[in-house]
Amino acid sequence: MGRQFLRDQDRSRQHPASADGGLVVAVRGSVVDLRFETQLPVIHQLLCTVVGEGAGVGEGPAAKGQIYIEVLAQLDAKHVRGIALTPTQGLARGMRVTDSGGPLMAPVGPGILGRMFDVFGNAIDRQPAPTEIAWRSVHQAPPALARRSTQSEIFETGIKLIDVLVPLERGGKAGLFGGAGVGKTVLLTEMIHNMIGHHAGVSLFCGIGERCREGEELYREMKDAGVLPNMVMVFGQMNEPPGSRFRVGHAALTMAEYFRDDEQRDVLLLIDNIFRFIQAGMEVSGLMGQMPSRLGYQPTMGTELSGLEERIANTDAGAITSIQAVYVPADDFTDPAAVHTFSHLSASIVLSRKRAGEGLYPAIDPLQSSSRMATPSIVGERHYALAQEIRRTLAQYAELKDIIAMLGLEQLSPEDRNLVGRARRLERFLTQPFFTTERFTGLTGKLVSLAEALDGCERILGDEFKDVPEGALYMVGGVDEVKGKLKDDRDDRDSKDEDDKDEDKDKDKETAS
């Protein structure tokens, strides 16, 4: 590496850089070394060069044949090393590079609502370029401690199971653990719907290393659900260079900070997937030639993750509440990426494939999920005691499942049978029809307040619905809807019985004739 760098320096002396720019002296994948004769660009400065006509399709740099390079290190008095944010095909030694005049910028303003962007702020939704926007650097410092709110507030989602058992923090960060097909996207979509429709806030979706198919599907679902006008989508797709995937999270946060600080609105920031941010940083670190740390991770992983996570905060102006999908490598929770991520999270929401198979949606596992907000000093004594009693009831029911499977429910004691009944009714009451799935299920979506959810759980634990069929509690909003549902079921049965009687009379008349 040292000899190669000296050879590159010799070549750069043969082709000196101009006073208003620099020259490329080495290209190693996405890493580019450059020589400047007069003044070295500062760290995070964005450099640009043009390699040809480009693809001619779309609005991005690739369409115009542009290559953008972000300076990450100053090697000596005349050389810098940067990471390319675009593919480097066509880039060669001796090409001239110009200074863009600043760092990577992201668009902010009311004009970005309802739009989808890439890391450079180019619209990728096949619509005209947005208007009424300004540009800000993606490299911003976290809010000062004096600006941060010292009070812990609950962020109500309108989803019973989350608000009762895994309360989210306003301005906090929640990790969402779930595989494919268990309702993760539906849950995120419902939170966006509730945030926009009932909290007068803004939602922002950031796809880091996202598949283009997933991004297109999510965009279409948001549009069909009618929540697109008050949300922003930013994608750094899987096929893009690591530098682009590494910076897309900072670009999304810059947009979120505008709505929080300038418009003083609450922002719901969804990140999928935070592990891919760490992975992109690991690729950048390896390409830059840094010595890897444990298990191949970059030695600066903690600093890089903190620089992103600490910008998500609750301030005197507003709050950015983040829900992040977290991938755990090989299900090893001691992996450095998982450990560093967990240290920033205030709540962990675990989705269960088993509950999804039983039709219990949202398929959140209440015993595996946890929140540091679930303490008496924050949620109150009544809420805390109810949540603990619900967890205790569901845990005892889980222990009795093996006995029920082997011996049957009749072999349990009367007390255990009552406990099983309460647990099964609680499980069904904690299901909820979503607004975003109305066209699939035919069930009207429900937004349930925390007070209604707590009241329903308390009445179920008090055996008020002991004689009510379990199915009557399935997919309802508040517990008061159960009586109406039972009345409708009785009316349906009565009308069906009357129809059957009329049909029998008609048959008797036909037989008599």
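Trainee: Which strands does helix H6 lie across?
Mentor: In this predicted model, helix H6, which spans residues 274–287, lies across S13, S15 and S16, and H6 runs at about 45 degrees to S13.

Trainee: And what sheet are those strands part of, in what order?
Mentor: They belong to an open sheet formed by 8 strands, and the order across the sheet is S8-S14-S13-S15-S16-S12-S17-S18, with mixed pairing.

Trainee: Which ones are the edge strands?
Mentor: The edges are strand S8, covering 116–117, and strand S18, covering 370–371, each of which pairs on one side only.

Trainee: What else packs on the sheet, then, and which strands does the helix touch?
Mentor: Helix H5, residues 242–261, packs on the sheet and touches S8 together with strand S13 (202–210), strand S14 (231–237), strand S15 (267–272) and strand S16 (320–325). The direction of H5 makes about 175 degrees with that of S13, whereas for H6 the angle to S13 is about 45 degrees.

Trainee: Back to the pairing: in what sense do S12 and S17 pair?
Mentor: Strand S12, residues 173–177, and strand S17, residues 347–350, pair in the parallel sense, and 4 bridges are found between them. If you want a spot to look at in the structure, Leu176 stands opposite Ile349 in S17.

Trainee: Now His44, what is its phi?
Mentor: His44 is not a glycine, yet it has a positive phi of about 75 degrees; the residue is found in the loop that connects strand S2 (31–36) with strand S3 (46–50).

Trainee: And why does His44 count as partly exposed?
Mentor: Because its relative accessibility is 28%, and partly exposed means between the 20% limit for buried and the 50% limit for exposed.

Trainee: Where does Leu295 lie, and what is its phi?
Mentor: Leu295 lies in the loop between H6 and helix H7 (301–309), and although Leu295 is not a glycine, its phi is positive at about 60 degrees.

Trainee: Buried or exposed, that leucine?
Mentor: Leu295 counts as exposed because its relative accessibility is 57%, and exposed means over 50%.

Conventions. Residues numbered from 1 in each chain as written. Predicted model: local features only at pLDDT ≥ 70, side-chain atom pairs only at ≥ 80, totals over all residues. Heavy atoms only, no water. Pairing = 2+ DSSP bridges. Helix = DSSP H or I, 4+ residues; strand = E, 2+ residues; numbered from the N terminus. Contact = heavy atoms within 4.5 Å. Axes fitted to C-alpha atoms, helices over the stretch in contact; angles between N-to-C directions. Buried < 20%, exposed > 50% of the residue type's maximum accessible area, 1.4 Å probe, protein only.
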